[in-house]
Amino acid sequence: GLLGLLGSVDAPAWAVAALVGGADPEAAVDQLIEASLLDPVVPGAADPGEVRFRLHDLLRVYAVELLAEWDPSGDGAATALHRMLTMATARVGAAVRLLPRTLTWSHRLAPAGAPPGRGDGGDHDEAGGAVWPDPAGWLAAERAFLVDAVAAGAAAGSDREVVALAEQMAPALWVGGHWIDLDRVQRLAGGAARRLGDERAELLMTYLCGVLLLVRGDLVAAAECFATSRRGFERLGDRRGLAFVLGDQAVLEDYRNRTGVAVATAERAVRLFREDGDELGAILASPGLSAALRGLGRLDDALEVDLGAVRAATAAAAPPLVLARCLNALAVTRLLRDDAGGAYLAAREAARLLRATSDRYVLLAALRHMALAAVGLGRRRDAVRLFERIHGLAVDLGDRVWATGLERDLAAAWIGDG
C-alpha cells in the first residue's frame, strides 16, 4: 500500500527508499523489483535525475486502494510519507542553496543550519547524491514528482511537511518559469499553513499568490494579496517579509501609474534590505526604484540609483542575471537622458552577461535597448539587425505581445530603406 504514495509519475530511487524505510531500504527495493512491483527507469545520459521507478497502472490503482484502508494513526503510511517529504525537503533545500540568488524572497526560503550535503538529521545521512553536479537540472528532473508529493502530503494532512517542502520549492519553480506548478504548490501550502495556524507561512504564500497575479496582469487581485501580506508582516514585525512585499508592491504601483506611491514604496524596500544587512536584496529591488523615479521624470535620481546598483552588484560579485537587470535599468535611464552611447554600452554588457544564463526575457530587454540606442546613434542597419533577432527570439518564446511590439519597431527602423 505504501507504493500508492508514489503518485502518478516516475518516482526517484531516494523517494522509494524513504517510503520503504527499515534498516536496509535498498534491499527492500531490490525485492520489489524482483517481484515485478517496481519497474526501474534509467535516465538518459543528459538527464541529471537519478534512477527512477514506475508502477504498472493496475498495480498503482491497487496500491492506492490498499493505502485508503491503512490506519493513519499507526506507524504506517503517515510515517512513511513523513520520511519521504522530509527527505524531499532536505534535498530540494540543498539544491536551492547551490543556486545563485536572483530573487529577493529566495533568501527567506533558503534553508538555514545544516551545511550543503547533509541530510535531515534523522535516518538519512546524505541529502545530496545527484543534486550536487547540476542542482538546477536535478530540480527540473524531479519537479513533477515533487509537486505531486506536495499534493499527496496535503491530502494526507501532513501540513507541516507540506509547508516546509513548498517553501524550498518555490524559488526554483519561479526561476524555471513553472508558474502553474507554483500556483498549485502555494495554494496547497497556504491551506496547510492556515490549518497549522502558521501565520508567517500563510502570509508568505499570500505574497507569492500576489506575485503570480502580477505577472498575469491581474493588478486588482495582486494588490489585494500584497496589501494583506504587507499588513500581516508589519503586525508581526517581520521586516524581511515586509521588504519582499514592498519590492513587488512598488512594481505594481508603477504599473498602475501611481508613481509617487511606487517611489516611496521602493525606497522603503531598499532601506529595509540594507538595514537588515542584505545588500543583494537591496540591489535586486533597485531597478524597481529606478523605474518609479523615471515615471516621475526624476532622471538624475534614477541615474544615481542605477549607477549605485551596478557598482554594488559588481563589488558583491552578484550573479550575472542580477547585474544584467541593473544594467538594463541603466540603459533605459540613459536612453531617456538622450545618452544613446551610454545606453548602448550598458545594454551590450547586459547582453554579454546573459549568454551564461537561461533568462531569455531579460535578454530580450537588453537587445531591444541596444537596438533603440543604435537608432539614436544613427546606426540604422545595426538596429534593424537587432530588431530582427529580437523578433525571432520572441516568436520562439511564443510571446505574441513582445513579437507584435517588435514588428512595430522593425517597421519604424525600416523607414527610409525605400
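R143 is partly exposed, with 26% relative accessible area (partly exposed sits between buried, under 20%, and exposed, over 50%, using a 1.4 Å probe and protein chains only). This is a predicted model, where local features need pLDDT of at least 70, side-chain atom pairs count only at pLDDT 80 or more, and totals for chains, interfaces and linings use all residues. Residues are numbered from 1 along each chain as its sequence is written, and side-chain values use heavy atoms, leaving out hydrogens and water.

- R143 pairs up with D181 in a salt bridge at 2.3 Å, N to O (that's a side-chain nitrogen of Lys or Arg within 4 Å of a carboxyl oxygen of Asp or Glu).
- R143 belongs to helix α6 (residues 135–156) and D181 to helix α8 (residues 179–196), so their pairing ties together parts 38 residues apart in sequence.
- Helices here are DSSP runs of H or I, at least four residues, numbered from the N terminus.
- D181 counts as buried, at 17% relative accessibility.

**A pair inside one helix**
- E234 and R230 also meet in a salt bridge, at 3.7 Å, N to O.
- Both sit in helix α10 (residues 219–236), four residues apart, which puts about one helical turn between them.
- E234 is partly exposed at 37%, and R230 is partly exposed at 23%.

- D301 and R298 form a salt bridge, with their closest N and O atoms 2.9 Å apart.
- D301 is partly exposed at 28%, and R298 is partly exposed at 35%.
- The structure holds 22 salt bridges.

Definitions and conventions:
Helix = DSSP H or I, 4+ residues; strand = E, 2+ residues; numbered from the N terminus.
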